[in-house]
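Dear colleague,

Please find below the structure that I am handing over to you, together with its sequence. My notes on what was found in it follow.

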Amino acid sequence: MKRRQFLSHTGILATGMGISAHTVAQNFDCYVQRLPGAQLYTIREALAVDPEAVLQALAATGIREVELYGLTGEDSIFGMPLLSFRTLLDRYNLSMTCTHVFPENIEVAEVSRSARILGIDTVILTIAPGFIQSGAEGMRIQGPQTKEEMDRVADLLNSLGRRFRSEGMLFGYHNHHVEFFPVADELPYNYIMWNTDPQFVRSELDIGWAALSGVDYLDVLERFGPRILSCHMKDFNGITPADMGDFLGAAAHLVPPGSGVVNFAAVLAHMDYFNIRHGFVEVDSSENPVEDLSKGIDHLQLIRPCN
């Protein structure tokens, strides 16, 4: 029985007993312990100035897990040694098990060494090589256009996944919206999942980008739930961008959870059903990043108070 079928049936039964379907879903799903999490990319500018003040502010909002971005094999991060940053995480009771890496010049052994110092066991590829281009028209994003290009992405992910696994790391791929635009009657996201080895390649599903693309994000969760390691908890304001290739313009339509059209109660229920233990609030572009993170965390806690 599919997840939505289960909730539908329990909702019908519960209504007859005077109990809401929402309550049934909460009682059924609350066995999953998921820490309130945030992707540090949201506060990247502040981190570059005063990492400790930022981590202290995050902890004060109730956030207990953070996801790193841009990890390399270097010995420092945000202007301090890796071990010093790990000390700050411990000081403010922040867990960090996942990091994003950019697609250029990934040194698997060096990234894995840095990850182990920070307590990270999961590496996520932010985007496939070549999908984003910068030029006179700004940052443009375009997904694969042919089956051959999708094959190249799948081959790269299989290779990276095997290499990171040999270093003791889990590996996954993070989507944007372009992976859900059809190519030769296939959705690139589906094609990539079907043509990568599930032993080595998992997914971090970005809910906001998926919603912006127009795909049924709950169907993606149902179809690929066992492959999904984590989710980016990001809302979509419901206004389709005029130019889907304008990366920053499209990203401006992504907002904190509870501020858009995404059904996060259903998202959380699916995450619980498939035991997806990591959910990171992220806002790609924000004038008040800590406030937006806190707003998103509060909304998720409100609709699932058993966290």
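This is a predicted model: local features need pLDDT of at least 70, side-chain atom pairs count only at pLDDT 80 or more; totals for chains, interfaces and linings use all residues.

By residue class, the lining of the largest pocket comprises 14 nonpolar, seven polar and five charged residues. Helix α11, which spans residues 247–251, gives the most to this lining, with three residues.

The second largest pocket holds about 210 Å³ of space. One stretch of sequence that lines this pocket includes Ala 128, Pro 129, Gly 130 and Phe 131, with Gln 133 also taking part. Further lining residues of the second largest pocket are Gln 142, Gly 143 and Pro 144, along with Glu 149, Arg 152, Val 153 and Leu 156. Helix α7 (residues 147–166) gives the most here, with four residues. The lining of the second largest pocket divides into six nonpolar, four polar and two charged residues.

**Overall fold**

The protein has 307 residues, of which 52% count as buried. Its secondary structure consists of 13 helices and 14 strands. Among contacts with a separation of 6 or more, 79% are between residues 24 or more positions apart.

Eight of the strands close into a barrel with parallel pairing, in the order β1-β2-β5-β6-β9-β10-β11-β14. On average, neighbouring strands of this sheet are turned by 30 degrees against each other, direction ignored.

One of the strand pairs may be described in more detail. Strands β9 (residues 170–174) and β10 (residues 202–206) run parallel and are joined by three bridges. His 174 has Glu 204 in β10 as its bridge partner.

Helix α10 (residues 217–224) lies across β10 and β11 (228–233), and runs at about 165 degrees to β11. Helix α13 (residues 289–303) lies across three strands, β1 (37–39), β11 and β14 (278–281), and runs at about 140 degrees to β14.

**Two individual residues**

Where is Thr 99 found? Thr 99 belongs to strand β5, which covers residues 95–101, and β5 is one of the strands in the barrel order. Is Thr 99 buried or exposed? Thr 99 counts as buried because its relative accessibility is 0%, and the cut-off for buried is under 20%. Leaving aside neighbours within four places in sequence, Thr 99 is in contact with Glu 67, Leu 68, Tyr 69 and Leu 71, and also with Ile 120, Thr 122, Val 123 and Ile 124.

Arg 163 is found in helix α7, the helix that gives the most to the lining of the second largest pocket. Arg 163 has a relative accessible area of 40% and is therefore partly exposed, a class that lies between the cut-offs of 20% and 50%. With neighbours within four places in sequence left aside, Arg 163 is in contact with Ile 106 and Val 108. Arg 163 and Val 108 are 55 residues apart in sequence, while their C-alpha atoms are 6.8 Å apart in space.

With kind regards

How values were computed: Residues are numbered from 1 along each chain as its sequence is written. Side-chain values use heavy atoms; hydrogens and water are left out. Helices (H or I, at least four residues) and strands (E, at least two) are DSSP runs, numbered from the N terminus. Buried means under 20% relative accessible area, exposed over 50%, partly exposed in between (1.4 Å probe, protein chains only). Contact means heavy atoms within 4.5 Å. Ala, Val, Leu, Ile, Met, Phe, Trp, Tyr, Cys and Pro count as nonpolar, Asp, Glu, Lys and Arg as charged, and the others, Gly among them, as polar. On a 1 Å grid over the protein atoms alone, a cavity is a set of points where a 1.4 Å probe fits but cannot get out, and a pocket is an open set with protein on both sides within 12 Å along at least five of seven lines; lining residues have an atom within 4 Å of a point. Grid points are joined across faces, edges and corners, and a volume is the space filled by probe spheres set on the points. Two strands pair if DSSP finds at least two bridges between them. Axes are lines fitted to C-alpha atoms, for helices over the stretch in contact, and angles run from 0 to 180 degrees between N-to-C directions.
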